[in-house]
Every structure is written in structure tokens, then in C-alpha cells.
Amino acid sequence: MKEKSEKLYLLSEADKYAFFEKIFKELHIALVDSDRVAEVKWIGYAWLKKFLPKCFSTLERTAYRFGNYAVVWQNRSNIPVFITEMDCPFELYPAGECDFFLCKTINDVSVVERYSWEPSKQEYIIEKFADNFVPEEILQAQAKRKSPKEFNWNRLYPHEDIETKSVDNTIFYDFIVKFA
């Protein structure tokens, strides 16, 4: 029931920077890495952070969805391999270690795309399914999906030394200082 395939090339540094900046300015979300995507807010005297729940995580990929945006990371890294902004409702589901499904609803029609990683070329190949067709793998993933974990707001403690490596420093210096 697949319709066609096309290639999706990896993102340029300029694409990533523009996407990260847009997400931060619109939603106050710092895209730190595959384990840490945080919403931030200023409360008059301090910055607070709240980590966001993952959409899914495998040994090779971790996905987040927030509002109309999504990012899929190369796991255990700060390297995004897929970013998107959609103007329709959508969900992401795992399809193996590196692959995933993007399910969107356009004018009451379900559209499913499978993104399959081509390691030799470092790119995704997109396979589109017929309208309103939902592969069994998605139904299984939906049945296994748990309610997302809720995180609490915590104070951000950046170090005065910009070079100190920490999550709080990354959020503060790479997002708040750069984009706020």
C-alpha cells in the first residue's frame, strides 16, 4: 500500500539554527540534546526550566513533539536528524531503531509516512502510504504508548564561567542569552 519513495537529506547548520531559534522565541523551548528538551520561563528574579517528555525513544533515536513542531535526535547526542513544523495534527511513532512513522491528519484524511534511515548516505528515505491506511506497526505502537511523564519546574543555575559544561549552562548561554 505504499505510494512512492523520496529522499530527505540531512539538515544544514543554518536550518538547525533557524529552527532552534524559532522554537525558543515562540515556545521558550531549549532543544539541548536527545535527553534534554526544556521549556524555560522568567519569574521576575530567576529562570525556571521544565523538561519535556519524549514522544518515543529507541537505542538509536529519540523524538519530541511540542505544538506544531517535532525533532528526532540521533540518540545520546545533540545532533538532530529530523526537524519539522506542521500546520496539521500529527504524531510520531517508532518503526525500529532508526526509523519512524509520521502520521498526520489533513482535511479528515489520515496520511502516514515511514522515514527509513539509509546509513551509507546518512539520509532518510520517505515512503508514503495510501490515504487512510494505518500500518499494523503503528497500531501496536499506539497500544504500547504510555501517558507522558510530567516534569516539575526547577530553578536554572548557570555558572558564571561560560565554559563550564552543564545542562543549565547550555540552556542559559546557548538559548536564553542567544535568543531571548
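The entries below record what I looked up, topic by topic.

**Entry 1: the model.** I note at the outset that this is a predicted model, and I read everything that follows with that in mind.

**Entry 2: sheet with E2 and E13.** I looked up the strand order and found an open sheet of four strands, E2-E3-E4-E13, with antiparallel pairing. At its edges I found E2 and strand E13 (154-155), and because each has a single partner strand, one side of each is left without a neighbour in the sheet. Within this sheet I followed E3 to strand E4 (residues 47-51), where five bridges join the antiparallel pair, and I wrote down that Trp-42 has Trp-47 in E4 as its bridge partner.

**Entry 3: sheet with E5 and E8.** I then traced another open sheet of four strands, in the order E5-E6-E7-E8, again with antiparallel pairing. Strand E5 (56-57) and strand E8 (80-85) are the edge strands here, each pairing on one side only. Between strand E7 (residues 69-74) and E8, which run antiparallel, I found five bridges, and one of the pairings I looked up sets Tyr-69 against Glu-85 in E8.

**Entry 4: the E9-E10 hairpin.** I checked E9 against strand E10 (residues 100-106) and found an antiparallel pair over five bridges. The two strands form a hairpin with five residues between them, and in the turn Gly-96 has a positive phi of about 105°.

**Entry 5: nonpolar core.** I looked up the largest nonpolar core, which has 26 residues, and recorded that Leu-31, Val-37, Phe-66, Ile-171 and Ile-176 touch the most other members. The elements that give two or more residues to this core are H1, E2, E3, E6, E7 and H3, and H3 gives the most, with six residues. As background I keep in mind that nonpolar side chains tend to be buried together in soluble globular proteins.

**Entry 6: largest pocket.** I found about 630 Å³ of space in the largest pocket. Its lining has 24 residues, and those nearest its centre are Lys-54, Cys-55, Phe-56, Ser-57 and Arg-145. Two or more lining residues come from each of strand E3 (36-42), E5, strand E6 (61-66), strand E9 (90-94) and helix H2 (136-144), with H2 giving the largest share, four residues. By class I listed eleven nonpolar, three polar and ten charged residues in this lining.

**Entry 7: second largest pocket.** I recorded about 330 Å³ of space for the second largest pocket, which is lined by 14 residues, with Phe-20, Leu-31, Asn-78, Asp-174 and Phe-175 nearest its centre. Helix H1 (13-27), strand E2 (29-33) and helix H3 (167-179) each supply at least two lining residues, and H3 gives the most, five residues. The lining divides into seven nonpolar, two polar and five charged residues. Comparing my entries, I see that Leu-31 is among the residues nearest the centre of this pocket and is also among those that touch the most other members of the largest nonpolar core.

**Entry 8: cysteines.** How many disulfides are there? I counted zero disulfides. For Cys-55, the nearest cysteine sulfur is that of Cys-103, 9.9 Å away, and the cut-off for a disulfide is a pair of sulfur atoms within 2.5 Å, so the sulfur of Cys-103 is too far from that of Cys-55 for a bond. Both residues are covered by the protein: Cys-55 is buried, with a relative accessible area of 17%, and Cys-103 is buried as well, with 14%.

Entry 9: I finished with two residues in loops. His-28, in the loop between H1 and E2, has a phi near 60°, a positive value in a residue other than glycine, and is partly exposed at a relative accessible area of 39%. Gln-122, in the loop between strand E11 (109-118) and strand E12 (123-129), is not a glycine but has a positive phi of about 55°, and is partly exposed, with a relative accessible area of 38%.

Definitions and conventions. Residues numbered from 1 in each chain as written. Predicted model: local features only at pLDDT ≥ 70, side-chain atom pairs only at ≥ 80, totals over all residues. Heavy atoms only, no water. Pairing = 2+ DSSP bridges. Buried < 20%, exposed > 50% of the residue type's maximum accessible area, 1.4 Å probe, protein only. 1 Å grid on protein atoms, 1.4 Å probe; cavity = no way out; pocket = protein on both sides within 12 Å on 5 of 7 lines; lining within 4 Å. Points joined across faces, edges and corners; volume = space filled by probe spheres on them. Nonpolar A, V, L, I, M, F, W, Y, C, P; charged D, E, K, R; others polar. Core = buried A, V, L, I, M, F, W, Y, C linked by side-chain atoms within 4.5 Å.
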